[in-house]
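Open the model in your viewer and keep the selection tool at hand. This tour goes from stop to stop, saying what to select and what is there.

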Amino acid sequence: MSLLFSPTRLGPLKLQNRIAMSPLTRCRAIDNVPNELMAEYYGQRASVGLIITEGTSPSADGLGYARIPGLFSPEQVAGWRLVTEAVHAKGGKIVPQLMHCGRIAHPLNMPKGSRVLAPSAVAAKGEMWTDSEGMKPLPVPEAMTEADIKQTIADYVQAAKNAIAAGFDGLELHGANGYLLEQFLRPNSNIRTDAYGGSTEKRARFVLEVADAVIRAIGKERVGIRISPFGVFNDMPLYPEMESDYAYLVSQLNERGLLYIHVVDHSAQGAPVVPDSIKATIRKASNCHTILSGGYDVARAEADLEANRADLIAFGKPVLANPDVVKRWQTGAALNTPDPQTFYTPGPKGYTDYPALG
Ligand SMILES: Cc1cc2nc3c(=O)[nH]c(=O)nc-3n(C[C@H](O)[C@H](O)[C@H](O)COP(=O)(O)O)c2cc1C
């Protein structure tokens with residue numbers, strides 16, 4: 001019997017199956033506001049058990065890429081309501097991924113008056129696309145003051161309340177892939193000497209304060225987190241204490257009883273291997289469900305569910321390219337091939353026009 005296709009519960013949520021849609025930035029939110037086109041896209045994919053949206057900023061300062069959505073203005077809440085209604089109408093569940101880009105941002109992609117913030121004034125190596133001037137080097141961010149830290153936590157809280165107001169079933173904190181939360185965790189991007197930098201505990205403090213504040217606002221059963229131990233994306237090099245740092249973080253998340261811990265593993269794309277030992281540590285955190293992701297197909301997903309390594313498996317590119325991926329997998333039909341040329345371009349091409357089976 002297939003575990004992948006059988007219904008399950010994730011905390012308070014009844015899911016149609018154990019398939020999650022991985023968060024996928026698609027850059028279709030003109031002026032950072034979700035729209036009808038995005039509602040159509042997510043609605044098309046509502047047969048997966050849990051949709052995790054693209055990275056969505058909790059504040060104007062947290063924006064960074066061109067055309068990514070936010071969840072901090074009334075227009076954005078109204079836009080997201082179109083999305084959650086489209087998904088719920090088809091029996092799906094959906095959470096936004098709250099992504100504060102931190103130093104992975106360019107002012108040309110951000111509203112006037114917003115700031116590129118990070119734990120320390122250390123630029124990430126690399127460039128970013130801007131609609132007005134093409135590729136630009138990533139800027140040196142401003143090191144956050146204590147007041148900035150307080151304000152940013154307040155922004156996460158407001159975004160969490162907005163998520164519930166927009167009809168979401170919870171939220172995912174983006175603690176992975178080199179964005180603000182991970183910038184605090186890692187010693188290359190966090191060289192602070194105050195209570196938020198230095199030791200393992202101090203580097204984890206901001207993430208845990210954000211988690212605590214959001215939990216107070218909407219409840220622990222509605223808050224998940226995505227983390228990327230051993231991830232190197234966005235200029236986050238490996239370092240000796242990686243595994244013990246993440247073991248500490250996971251033990252603290254477990255104490256808080258978050259809804260889930262979602263593990264990124266991009267080794268299928270050539271990134272460093274994520275050791276089984278850290279995945280096992282996460283699985284042992286029994287107060288939180290586990291989601292594994294990265295390079296999965298049905299056979300490997302079934303095997304990992306069968307071996308009780310995870311509660312859900314998240315898939316990115318297969319869901320991106322196949323609005324009816326669940327039906328295709330269940331019937332053994334061929335899959336559409338994702339087109340990287342249209343991953344981040346505006347408009348419906350390569351977004352809502354991937355064909356579904358008749
Ligand atoms: C177009 C694209 C956009 C992505 N955007 C995000 C994002 O916003 N947040 C995130 O955590 N990961 C993001 N990722 C990573 C995916 O969530 C996922 O981890 C990755 O695609 C590997 O899974 P897959 O092999 O099933 O595609 C993105 C990946 C792609 C291809």
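What follows is a walk from the ligand to the strands and then to some loops.

**Before you start**

This is a predicted model, where local features need pLDDT of at least 70, side-chain atom pairs count only at pLDDT 80 or more, and totals for chains, interfaces and linings use all residues. Residues are numbered from 1 along each chain as its sequence is written, and side-chain values use heavy atoms, with hydrogens and water left out.

**Stop 1: the ligand**

Which residues are the closest to the ligand? They are Pro23, Thr25, Arg226, His266 and Gly295, out of 19 residues that surround the ligand. A residue counts here if one of its heavy atoms lies within 4 Å of the molecule.

Now sort that shell by class. Six residues are nonpolar, eleven are polar and two are charged. For these classes, Ala, Val, Leu, Ile, Met, Phe, Trp, Tyr, Cys and Pro count as nonpolar, Asp, Glu, Lys and Arg as charged, and the others, Gly among them, as polar.

Next, look for polar contacts. A polar contact is a pair of N or O atoms within 3.5 Å; within protein, one must be able to donate a hydrogen and the other to accept it, and residues adjacent in sequence count only if both atoms are side-chain atoms. Select Pro23: a polar backbone atom of Pro23 is 2.7 Å from an oxygen atom of the ligand. Select Arg226: a polar atom of its side chain lies 2.7 Å from a ligand oxygen. Select His266: here too a polar side-chain atom lies 2.7 Å from an oxygen atom of the ligand. How much of the ligand does the protein bury? Taken alone, the ligand exposes 610 Å², and the protein buries 91% of that. These areas come from the Shrake-Rupley method with a 1.4 Å probe; for residues, only the protein chains shown count as cover.

**Stop 2: strand β12**

Select residues 260–263, strand β12. Helices (H or I, at least four residues) and strands (E, at least two) are DSSP runs, numbered from the N terminus. Tyr260 and His262 lie on one side of β12, Ile261 and Val263 on the other, and all are buried. Buried means under 20% relative accessible area, exposed over 50%, and partly exposed in between (1.4 Å probe, protein chains only).

β11 and β12 run parallel and are joined by four bridges. Two strands pair if DSSP finds at least two bridges between them. Pick out Ile225: its bridge partner in β12 is Ile261.

**Stop 3: strand β14**

Select β14. Leu312 and Ala314 point one way, Ile313 and Phe315 the other, and all are buried.

What pairs with β14? Ile19 stands opposite Ile313. Strand β13 (residues 289–293) also runs parallel to β14, joined by three bridges. Ser293 has Ala314 as its bridge partner in β14.

**Stop 4: the loop between β6 and β7**

Select Ser120, in the loop between β6 and β7. Ser120 is buried, at 5% relative accessible area. A polar atom of its side chain lies 2.9 Å from the backbone nitrogen of Ile191. Ser120 also touches other residues beyond four places away in sequence, including Pro141, Ala143 and Arg192. A contact means heavy atoms within 4.5 Å.

Move to Ala123, in the loop between β6 and β7. Is Ala123 buried or partly exposed? Ala123 counts as partly exposed, because its relative accessibility is 28%. Among the residues it touches are Arg103, Leu138 and Asp235.

**Stop 5: two residues with positive phi**

Select Phe230, in the loop between β11 (223–227) and α6 (242–256). Its phi is positive, about 70°, although Phe230 is not a glycine. Phe230 is buried, at 15%.

Then select Asn308, in the loop between α8 (298–306) and β14 (312–315). Asn308 is not a glycine, yet its phi is positive, about 60°. At 48% relative accessibility, Asn308 is partly exposed.

**Stop 6: Ala285**

Finish at Ala285, in the loop between α7 (276–284) and β13. Ala285 counts as buried, because its relative accessibility is 4%. Leaving aside neighbours within four places in sequence, Ala285 is in contact with Val250 and Asn254. Ala285 and Val250 are 35 residues apart in sequence and 7.1 Å apart in space, C-alpha to C-alpha.
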